[in-house]
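Visitor: I would like a guided walk through this model. Please keep it brisk.

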Amino acid sequence: MRCCHADFALVEGSDQGFTIGMPTFTFGAGVLAEAGANARELGMKRVALFTDRGLVDGEHVAKVKASLAAAGVDLAIYDEVEVEPSDDSFRHATRFAAEGRFDGFVSVGGGSVMDTCKAANLYATHPAEFMTYVNAPIGAGQRVPGPLAPHIACPTTSGTGSETTGIAIFKLTSLNAKTGIISRRLTPAVALIDPDVTRTLPSTIVASTGFDCMSHALEALTARAWPRRLNPARGVGRPVSQGANPFSDMLATQALRLVGEFHVRAVADAQDAEARAEMMYAATLAGIAFNASGCHLPHGLSYAVSGLARDWQVRGYPQGRTLVPHGMAVVLNNPSVWRRTAPQAPQRHLHCAHALGADAKGAAPADAGEVLAQRVIGLMRATEMPNGLAALGFGEADLDALATGAEPQYRVIRNAPLDVDRDDLKSLFRAALRYW
Ligand SMILES: NC(=O)c1ccc[n+]([C@@H]2O[C@H](COP(=O)([O-])OP(=O)(O)OC[C@H]3O[C@@H](n4cnc5c(N)ncnc54)[C@H](O)[C@@H]3O)[C@@H](O)[C@H]2O)c1
Ligand SMILES: [Fe+2]
């Protein structure tokens, strides 16, 4: 491999291969109308259509329903997806999937909907005690024994990239921590990515989800390099997320260029169709990238933030319960992490800053963390993100609890380019309390 990958090949005994998974995807305005033809092509006759209560009566679901009906595909709707789902809501959705005896699944929604659909499909197809397939060490981490029913994923947010990944994330209520199920078998068969859906997104959702996309790309580029990954399994047992690799580097770099150019515009103006479409595309690219490379510290730390926050609600999201949108929880830790990880791989951090549109001219390797952190802070300020964890009510007294909340995330955290212990976690949270 060329240039920055040359050193990877020198790790003695390391895996020389990496595996990239993704669905067959179609990107373009109006492609939701292709749902019916795709369902027929996949042999679907009776599908479960997953969505959430905020979307079920809206135009995007209507388009998909009309397309399925025109193709003669029978459907039953499940709209009880919980926004930022839990194990309870996954279980509830599984009962629906199992009882309906469907031969296919269609999801129309954001990451919460697509992930719930993946999990319901999994447990309906290969019934098992819930923790069986959940990532070890929290769950048993058993391999999914066979293929699932085909799933057509139609994302309606521009951030998670879940339409491209073999990942389903949920909050485990008993631990008050987020974890997930990861298997190539969870990857949707087909993704229909229609940027028209972004027209109805409130700016607050575009802001948070855009930072989720940005962080997927940044974490993909700065993860431990693939031959240095900790899970040594090879062949078909090779893990989904393998560390930074040339393919995810390429997609993540392009995603960062798009975020740098279009994120602020997409947040500011719902009528800016170009900016919103480019962010939709960026989310897809970053999804494919981070699925193959894995996330690391910003995502690992974010799960403690969303689990421990109190009295926090954001306009545009369901009200009545504390909810820190996933992308917001992730970006709040970003600058703190980049300042810390940059000395490990200064050229990669400078590359990220440059791709995101920072003025990195003349920056020395020693400046890499600060240049990247400042660029992210600039984007946060321009999109009205909270000023660090303190804005959510966290303080010095919460650092212990935050570190404890992040510890179950060591599977993700160990994909970081450097090893961190509990004291490091505390200092990363401390540095994330306030940025300006
Ligand atoms: N599986 C993966 O690879 C992956 C990756 C990143 C994040 N996630 C998970 O995804 C979840 C977050 O998903 P999300 O950020 O896409 O948001 P979401 O699915 O939680 O939806 C947030 C809100 O946006 C509304 N909404 C969605 N599309 C809309 C539209 N077009 N117009 C108007 N309103 C719309 C929904 O009704 C909901 O109220 C989290 O649980 C996160 O952990 C999963
Ligand atoms: Fe994410």
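The questions and answers below go through the ligand site, the domains, the helix pairs and the backbone.

Guide: This is a predicted model, so local features need pLDDT of at least 70, side-chain atom pairs count only at pLDDT 80 or more, and totals for chains, interfaces and linings use all residues. Residues are numbered from 1 along each chain as its sequence is written, and chains are lettered from A and ligands numbered from 1 in the order in which they are written.

Visitor: Which domains does the assignment give for the protein chain?
Guide: Domain bounds come from an automatic or database domain assignment. That assignment gives domain 1 (3-17 + 200-431) and domain 2 (30-193).

Visitor: Where does ligand 1 lie, and why?
Guide: Domain 1 gives residues to the shell around ligand 1, and domain 2 does too. Ligand 1 therefore lies between domain 1 and domain 2.

Visitor: Which residues come nearest to ligand 1?
Guide: A residue is near a molecule or strand if its C-beta atom, placed from the backbone, lies within 6 Å of it. There are 31 residues around ligand 1. By class, they are 11 nonpolar, 16 polar and 4 charged (Ala, Val, Leu, Ile, Met, Phe, Trp, Tyr, Cys and Pro count as nonpolar, Asp, Glu, Lys and Arg as charged, the others, Gly among them, as polar). Those that come nearest are Gly54, Gly110, Gly111, Ser112 and Thr156.

Visitor: Which element gives the most to the shell around ligand 1?
Guide: Helices (H or I, at least four residues) and strands (E, at least two) are DSSP runs, numbered from the N terminus. Helix H4 (111-125), strand S6 (167-172), helix H5 (203-222) and helix H9 (326-331) each supply at least two residues of this shell. The one that gives the most, with 4 residues, is H4.

Visitor: Which helix gives the most to the side of domain 1 that touches domain 2?
Guide: The domain centres, taken over C-alpha atoms, are separated by 25 Å. In all, 32 residues of domain 1 are in contact with 27 residues of domain 2 (C-beta atoms, placed from the backbone, within 7 Å). H5, helix H7 (273-293), helix H8 (297-308) and H9 each supply at least two residues of that side of domain 1. The most, 10 residues, come from H7.

Visitor: How do H5 and H6 run relative to each other?
Guide: The axes of H5 and helix H6 (residues 246-268) come within 9 Å and cross at roughly 155°. Axes are lines fitted to C-alpha atoms, for helices over the stretch in contact, and angles run from 0 to 180 degrees between N-to-C directions. Angles under 35 degrees count as roughly parallel, over 145 as roughly antiparallel, 65 to 115 as roughly perpendicular and the rest as oblique. H5 and H6 are therefore roughly antiparallel.

Visitor: How many residues of each class make up the contact of H5 with H6?
Guide: On the H5 side, the residues include Ser203, Val206 and Gly210. On the H6 side, Asp249, Leu256 and His263 are among them. The division is 13 nonpolar, 5 polar and 1 charged.

Visitor: What is the orientation of H10 and H12?
Guide: Helix H10 (residues 334-341) packs on helix H12 (residues 368-382) with axes 8 Å apart. Trp338 and Arg339 are among the H10 residues that meet H12. The angle is about 170°. That makes the pair roughly antiparallel.

Visitor: Which orientation do H13 and H15 have?
Guide: Helix H13 (residues 399-406) and helix H15 (residues 422-431) have axes 9 Å apart. Leu402 of H13 and Phe429 of H15 are among the residues that meet. The packing angle is about 120°. H13 and H15 are therefore oblique.

Visitor: Which peptide bond is cis?
Guide: Most residues other than glycine have a negative phi, and most peptide bonds are trans. Proline 137 is found in the loop between H4 and strand S5 (151-155). Omega is about 5° for the cis bond that joins alanine 136 and proline 137.

Visitor: What is the phi of aspartate 311?
Guide: Aspartate 311 has its place in the loop between H8 and H9. This residue is not a glycine, yet its phi is positive, about 50°.

Notes. Contact = placed C-beta atoms within 7 Å.
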